[in-house]
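Colleague: I am new to this structure and would like to learn how to read a few of its features. Could we go through them together?

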Amino acid sequence: MPRQHASGFALTQRQAAVILLAPFLTVYAVFLVYPFFKGIWISLHDWNLMAVAFNPDAKTYVGLRNYERVMWGRNITWGALASPGFQIIGLIGVLASAFLYRTGRAGKVTALAMGIATLLLFVLPGFHPGEGGRWYDRRFWPTVGNTILFVGLAVPGVTITAMLLAAALDGETRAKAVLRTLFFLSQVLSVTVVTLIWQIMFSPRQGLIANLTQLFGGSPIVWLTAEGFAMAAIVIATIWWSLGIAMILFLAGIQDISKDLYEAGALDNATGAKAFWYITLPNLKRTITVVVVLQIILHFQVFGQSHLMTSGGPNDTTQVLVRYIYQTAFRDSELGRASAMAVFLFVIMGGFSILQFVLGREKDE
Amino acid sequence: MSGVTLSNVIKKYGDVQVIHGIDLEIENGEFCVFVGPSGCGKSTLMRMVAGLEETTSGGITIGTRDVTRLDPSQRGVAMVFQTYALYPHMTVAENMGFGLKMNGVPKPEIAEKVAEAARILKLEPLLERKPKALSGGQRQRVAIGRTIVRGPEVFLFDEPLSNLDAELRVDMRVEIASLHKQIGATMIYVTHDQVEAMTLADKIVVLRAGRIEQVGAPLDLYRDPDNRFVAGFIGSPAMNFLSGHVAQGALSIPALKDVPALGLRLPSDGTKVELGIRPEHLQIDPDGEGFRLDLIEKLGGISYAYLHAETGERLIIATDGESDLTDEMDVGITFNPARAYLFLAETGLRLR
């Protein structure tokens with residue numbers, strides 16, 4: 001009897017899995033899957049936030065009109081040299097990835113990813129309004145450009161700084177442990193605190209940086225309102241803020257390298273910088289890939305730094321995509337158009353997520 | 001090519017001294033094996049020769065150069081690591097040529113030397129592979145190839161065979177021996193396996209707890225050990241020891257009914273001693289008594305009999321492979337007194 005009773009409560013592995021996963025799946029569906037599809041659905045409507053809030057029927061289906069109004073314009077033409085700077089770099093990149101793949105210096109996936117990225121760099125800036133034409137939304141593409149510039153500066157900045165710090169702070173001394181903690185500490189601060197700290201740092205009157213420039217006889221830069229410096233200021237604050245995680249990942253990667261290799265290196269006359277270049281760096285390849293892709297995904301979503309430090313200014317030079325989406329949706333109440341931009345951002349980040357997934361599975365050649 | 005001289009070499013980690021003033025002379029072209037149980041300091045001593053561990057005091061000379069304070073790369077040594085320590089991101093050829101590349105040797109010369117080493121070690125078909133795509137034995141050969149390419153004055157091997165399976169270990173042992181014949185350079189080889197030591201060495205250095213117990217040619221150590229430790233360490237299976245003492249100017253060994261005269265000058269009465277006899281120098285007397293045969297392992301060529309005395313002491317005896325002895329017999333033992341050794345129980349020193 002007791003045996004039958006017990007079997008009545010026994011779950012198969014599958015049932016147990018379903019029950020244990022159910023809470024997560026419910027939350028995931030309600031707060032992520034549903035809003036995601038709702039967002040796409042909104043992007044296909046002319047949807048004013050205020051109007052729809054008061055009258056749920058005050059929306060009209062417009063198909064892909066929102067996407068057109070955000071990304072396209074009147075009389076848009078394409079020229080191979082419309083934006084020579086980007087397009088030449090893009091062209092060189094395409095050729096370089098083909099060359100690297102042919103000579104076997106880059107793997108298939110790496111070459112393909114690099115090829116696609118540089119091809120886009122060649123194709124996309126070629127679009128421009130022809131005679132008498134104009135973009136429907138003059139601010140969108142410059143905002144995308146600013147975001148890419150921000151990512152392009154912050155990601156290498158974080159990666160290189162974090163890697164050098166990790167190499168310097170790898171070790172068992174107490175001082176190194178303390179410094180590791182200190183460098184990681186900035187990571188736990190909220191964006192509000194970080195931007196406040198750096199606003200003070202960049203302040204032309206009492207800021208540390210201004211004091212230093214004055215000490216050496218320079219005149220202080222008004223970082224946050226000077227067109228050439230505002231983006232740099234945001235990037236610097238961001239690097240300081242997001243150094244910690246990258247540093248920890250690099251430390252883990254470095255500690256994974258067998259000490260024997262450095263001893264073999266010492267016998268082969270590869271010590272110090274040579275050891276870093278010939279032994280540490282090649283063995284960190286995987287960690288570098290992970291860090292770079294994670295940082296790209298993270299920094300495409302930049303919002304707080306731009307919003308709190310410069311309000312997108314001066315002259316829109318630090319306006320970034322998420323902040324533009326936010327303003328379009330909640331200041332201008334254009335929820336449909338904002339959703340279309342958000343879908344655009346999703347496509348970019350989805351692309352990088354897939355890239356990371358593929359690179360993570362790629363076996364070493 | 002040159003010999004290696006250690007003079008009063010000491011290594012301390014903080015307050016803990018692990019190498020206690022070692023003096024050693026390794027001749028040019030000699031194959032010298034450091035052997036001892038784990039923790040005896042043999043690896044540390046070799047790493048001090050390599051420069052991977054700092055020498056706390058004393059001096060190390062290679063050839064005529066004092067290398068005590070030189071960087072590892074300037075000492076003219078090359079090393080094979082236990083884990084091989086191949087650079088995983090480089091091909092076999094790059095691994096072998098890396099040392100020369102770092103020392104600014106021109107590419108054609110590197111390629112030539114790598115090709116030469118690959119020929120010696122039969123690595124030519126593998127030159128473009130990465131270490132991951134190699135078997136254990138192949139990795140081992142690449143690690144050796146890397147040292148050959150460097151053309152060092154002294155080759156160092158740090159337990160190079162311990163990660164290989166038994167069969168491959170024998171093959172590689174033979175290869176290393178023939179490599180030494182071919183190249184003729186000074187080699188230092190660390191192992192805890194006394195079979196490797198016996199088969200490879202011109203000179204064995206037996207270490208224990210950071211001190212040299214004895215230095216000598218393999219068979220000299222086997223025939224003429226200085227103390228109980230060396231006697232027990234060299235030879236396989238290990239020497240048997242029976243404890244006893246000196247009573248009224250004669251030897252008294254409780255496990256043995258009658259003790260043959262060893263022809264030695266015995267110490268004073270009451271001194272505790274140990275009688276050592278190798279398994280291969282003992283014979284079983286099936287009609288005798290005093291010992292119980294617990295188990296006999298018949299390996300075909302040879303058999304090992306495991307006995308215990310009435311005193312509880314255990315013995316191993318090597319005997320005829322097709323022996324008709326069986327388990328659980330009561331037997332006696334006989335031996336040639338000239339083949340027996342006597343040690344002071346307290347210090348382990350041999351009485352001659």
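Modeller: Gladly! Helices α14(A) and α17(A) are roughly antiparallel to each other, a term for angles over 145 degrees. This is a predicted model, in which local features need pLDDT of at least 70, side-chain atom pairs count only at pLDDT 80 or more, and totals for chains, interfaces and linings use all residues. Residues are numbered from 1 along each chain as its sequence is written, chains are lettered from A and ligands numbered from 1 in written order, and side-chain values use heavy atoms, without hydrogens and water.

Colleague: At what angle do α14 and α17 of chain A cross, and how far apart are their axes?

Modeller: Two packed helices are described by the angle and the distance between their axes. Here α14 (residues 285-299) and α17 (residues 335-361) of chain A cross at roughly 165°, and their axes come within 9 Å. The axes are lines fitted to C-alpha atoms over the stretch in contact, with angles from 0 to 180 degrees between N-to-C directions.

Colleague: Which residues of α14(A) and α17(A) meet?

Modeller: Among them are A:Val290 and A:Leu294 in α14(A), and A:Met349 and A:Phe352 in α17(A); contact means heavy atoms within 4.5 Å.

Colleague: Where is phi positive in a residue other than glycine?

Modeller: Most residues other than glycine have a negative phi. One with a positive value is B:Asn8, near 45°, in strand β1 (residues 4-13) of chain B.

Colleague: Which peptide bond is cis?

Modeller: Most peptide bonds are trans. The bond from B:Ser236 to B:Pro237 is cis, with omega near -5°.

Conventions. Helices (H or I, at least four residues) and strands (E, at least two) are DSSP runs, numbered from the N terminus. Angles under 35 degrees count as roughly parallel, over 145 as roughly antiparallel, 65 to 115 as roughly perpendicular and the rest as oblique.
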